[in-house]
Amino acid sequence: MPVPLPALAFGGDYNPEQWSREIHEEDRALMREAGVDLVTLGVFSWAWLQPEPDRWEFGWLDDQMDSLHSAGIRVDLATATASPPPWLTHRHPEVLPVTHDGRTLWPGGRQAFCPSSPLYRDYALTLCTALAERYSEHPALALWHVSNELGCHNARCYCDVSAAAFRTWLRRRYDDDVAVLNDAWGTAFWSQRYDDFEQVLPPRVAPTHANPTQQLDFLRFSSDQLLDNFVAERDVLHRVSPGVPVTTNFMVMRQTAEMDYLRWGRELDVVSNDHYLIAAEAGGHRELAFSADLTRGTAGGRPWLLMEHSTSAVNWQPRNRAKTPGEMIRNSLSHVARGADAVLFFQWRASRAGAEKFHSGLLPHAGTDTRQWREVVELSRVLDAVEEVAGSTARNEAAILFDYEAWWGCELDSHPTVDVRYRDRAEDLHRALSALGVGVDVVHPSADLSSYRLVLVPTLYLVSDATAAALTAAAEAGATVVVTYFSGIVDEHDHVRLGGYPGAFRDLLGVRTTEFLPLLAGQQVRVEGLEGGPVTADVWTEDLELAGAEAVATHVDGPAAGLPAITRRPVGAGAAWYVATRLDAAGTDRLVERLVTEVRLERLPGASPLVEVTRRVGEGASWLFVVNHDSEPAEVAVHGVELVSGQEVAGDLVVAAGGVAVVREAAAGGQVA
Ligand code: GAL
């Protein structure tokens, strides 16, 4: 019978096909030494499993499954459909993806398939079925892993097959009525009116900007096609291998916008995520923290699995910074603190050959007599020590609304400025809240908002009427709602909401903007009114009138000089704030401090810009996580048992510079009697 997942799983991608039998034996011995209890097997093994269309080679995988089982290691078995073998693309070149300017993406790398190709889908489902039939009862099997990072390199395909699939998708969306599509796409503009669905194409490269709603729908379609590939494999696995959970690894990180993971998450038995730091960015742990909270949002608040991250450098950025001593353990614990029940890596053993040979692994090229290996062994010990947190989750009173469709819409071309980036405000508000020790959920606008006392709405460019109504209801019921600029501008079809900006939120906020006044590159303005003196802002200002709200802060200079920059309006039992400019970090800090004080949100002890403090809550127990990114020790007033060291703490926990701590709190939720 298949086995459950380990409580707090530790391990990574295992690619034994790259190595000889002797190495496999060494691998298992070293995995045991490092405490590895879960490996992801077979991600890129299609060519090994099905070397020819009618020839199957399962012997090597049987051996691997059996020997891993004997070594006490469980398997997250991939369906191996991530990268079609050369025989398939050679035989059927029509499965290859095509870019918007008509270039074919050839085999030789990975993921060379069109997400809409029925041929690819047939071959993939045959492979998936064969694996499910063979291994569904294997005692090493704990989890099915569909494909790999769906859409990583082939999220958008513009080939003729995709074009036909896009038309089918559009017919469904627009009631098979081209007049409805014409309305939705605003085709009265630039002579774009269609009189038959057959004339509609994906937004291939055009003389100038393609229709924005066509672009938006193509992004929706592309995400849906990839999700359909997941669902097709998942359904095979559920049928042939019932009872074994199915996942696919997301890429929730700043670099990846293509897949609507907040919708995808509902289709997975367990969410898993891959996260890689942006090497060039100082303070990358903040983007990590935001992404981890967003991943928990995609999982509907349930625990999730960190499927991949790196022990040290990656190989695919321009300059690949090695992690500093302790950084890998801190990164790992930040994910666990925010709901991960597994810490897995790409990959077990650093490769000798291939495009990823300079990517770090659990076992580096230099072997076990290395600081990297010793840290891997130490991480495994730490995870064992804190294993009891598995299954618990977060309970927060602040939420950030996040929507991939708003992201797509917000960053389309032909906008007032190229400098509005969707994740920018969300990450900055998250950073400021974290620095104060306020936990925050990142959720879809359709989520139940009733338990939140502070609801932040950054750059929600595209909103439905339902979202606008839900936010008004939340404010009336007592929440403080904070909307930032370039929110509520358009409806689902990317049509401007008329009567003054921000159309969807004008009444709620009590403001009316008649014109956007974006700033030029490098231009800064001053804003005064927040406690502590003037702050600077850039990128965005607007010609804003008060219509029921009061001004909290005002522009001192720039095109909006004298006009409100931040406003507040009491609404029912709550309040609605509007932030009409891009405050610098100090400005965001002061605004957030004021909000947290006004709303009286709990601040976890010891938090600072460099000390992450978060809480996981379980049945009658809670754990405080401290991740100290500072070069000074951190002091945290907490009572309980510190699990990494096994020591009791009585209000005076000291976490070493660069260290981590996990305290089982003496009273659940931190309320010491
Ligand atoms: C992921 C992928 C892995 C490996 C890793 C390198 O995108 O799933 O197979 O390529 O990145 O960082």
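**Helix and sheet packing, and the cysteines**

In the predicted model, helix α11 (residues 327–337) lies across strands β22, β23 (621–628) and β28, and runs at about 150° to β23. The sheet concerned is open and consists of five strands in the order β22-β23-β28-β25-β26, with antiparallel pairing. Strands β22 (611–618) and β26 (647–650) stand at the edges; each has a single partner strand, so one side of each is left without a neighbour in the sheet. From one strand to the next, the twist averages 25°. Within this sheet, β25 (residues 639–642) and β28 (residues 660–665) run antiparallel and are joined by three bridges. Glutamate 642 has valine 663 in β28 as its bridge partner.

A helix pair was also examined. The axes of α6 (residues 160–173) and α8 (residues 212–240) come within 10 Å and cross at roughly 100°, which means that α6 is roughly perpendicular to α8. On the α6 side, the contact involves Ser162, Ala165, Phe166, Trp169, Leu170 and Arg173; these meet Gln214, Asp217, Phe218, Arg220, Phe221, Asp224 and Gln225 in α8. By class, the residues of this contact comprise six nonpolar, three polar and four charged.

Zero disulfides were found in a search of the whole structure. For cysteine 114, the closest cysteine sulfur is that of cysteine 157, at 3.7 Å; this is too far for a bond, because a disulfide requires the sulfur atoms to lie within 2.5 Å. Cysteine 128 is likewise in no disulfide, as the nearest cysteine sulfur, that of cysteine 114, is 19 Å away. Cysteine 114 is buried, with a relative accessible area of 0%, and cysteine 128 also counts as buried, at 0% relative accessibility.

Technical notes: Residues numbered from 1 in each chain as written. Predicted model: local features only at pLDDT ≥ 70, side-chain atom pairs only at ≥ 80, totals over all residues. Heavy atoms only, no water. Axes fitted to C-alpha atoms, helices over the stretch in contact; angles between N-to-C directions. Helix = DSSP H or I, 4+ residues; strand = E, 2+ residues; numbered from the N terminus. Parallel < 35°, antiparallel > 145°, perpendicular 65-115°, else oblique. Contact = heavy atoms within 4.5 Å. Nonpolar A, V, L, I, M, F, W, Y, C, P; charged D, E, K, R; others polar. Buried < 20%, exposed > 50% of the residue type's maximum accessible area, 1.4 Å probe, protein only. Pairing = 2+ DSSP bridges.
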